[in-house]
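Student: Before we discuss this model, could you put the sequence and the structure side by side, and then take me through the terms that describe them?

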Amino acid sequence: MKPAKLFLLSTTLLGATLYLSSVAAGENITPKALFEKKCQACHELDVPKSQKLDKNGWDGIMSWMTSMGGANISDDEALIIRDYLAENYCP
Ligand code: HEC
């Protein structure tokens, strides 16, 4: 009986650890990684990377891209990506 209980306990702990580390990974995703994950769902990353826009310009692109069905980008994520793009792909 004992070893079985121990096994059960350790798998529960492992499960909890895996769950927690995946939650943490979600929160710690960098703006760059978020951009790369979300913005190549429909086209190459070269499409945005070849543009140079200011914050307003990227704001417009973000509204455009997120208004298309299936983009799956939350408002918070859109702001993070916009700031990242405005900082790295600016005129
Ligand atoms: C739901 C699909 C989809 C997603 C997700 C998406 N795009 Fe697009 N994107 C498009 C389509 C379709 C076009 C082409 C529009 C056209 O020119 O007709 C486009 C074009 C663009 C363009 C060129 C605009 C222009 O002036 O021609 C940029 C820049 C761009 N996307 C940036 C992004 C960024 C940044 C992201 C991530 C936040 C993103 N896209 C995510 C569908 C998507």
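Tutor: Among contacts between residues at least 6 apart in sequence, 74% join residues at least 24 apart, where two residues are in contact if their C-beta atoms, placed from the backbone, lie within 7 Å. This is a predicted model, in which local features need pLDDT of at least 70 and side-chain atom pairs count only at pLDDT 80 or more, while totals for chains, interfaces and linings use all residues. Residues are numbered from 1 along each chain as its sequence is written.

Student: What makes L79 partly exposed?

Tutor: A residue is buried if 20 or more other C-beta atoms lie within 10 Å of its own, exposed if 12 or fewer, and partly exposed in between. L79 has 13 C-beta neighbours inside 10 Å, and therefore counts as partly exposed. Of the 91 residues of the protein, 9% count as buried.

Student: Which residues form the largest nonpolar core?

Tutor: A nonpolar core is a set of buried Ala, Val, Leu, Ile, Met, Phe, Trp, Tyr and Cys residues joined through C-beta atoms within 7 Å. The largest one has seven residues, namely F35, C39, W58, M62, A78, I81 and L85. Two or more of them come from each of α4 (55–67) and α5 (75–88), and α5 gives the largest share, three residues. Helices (H or I, at least four residues) and strands (E, at least two) are DSSP runs, numbered from the N terminus. Leaving aside neighbours within four places in sequence, I81 is in contact with P31, L34, F35, K38 and M62.

Student: Which residues are closest to the ligand?

Tutor: The closest of the 16 residues that surround the ligand are C39, C42, P48, M65 and A71, a residue being near a molecule if its C-beta atom, placed from the backbone, lies within 6 Å of it. Within this shell, α4 gives the most, with three residues.

Student: Which helix has the lowest mean pLDDT?

Tutor: pLDDT is the predictor's confidence in each residue, from 0 to 100, and among the elements of the protein helix α1 (residues 2–27) has the lowest mean, 55, whereas α3 has the highest, 98. Over residues 21–25 the pLDDT is below 50, and this stretch has zero contacts in the model beyond near neighbours in sequence.
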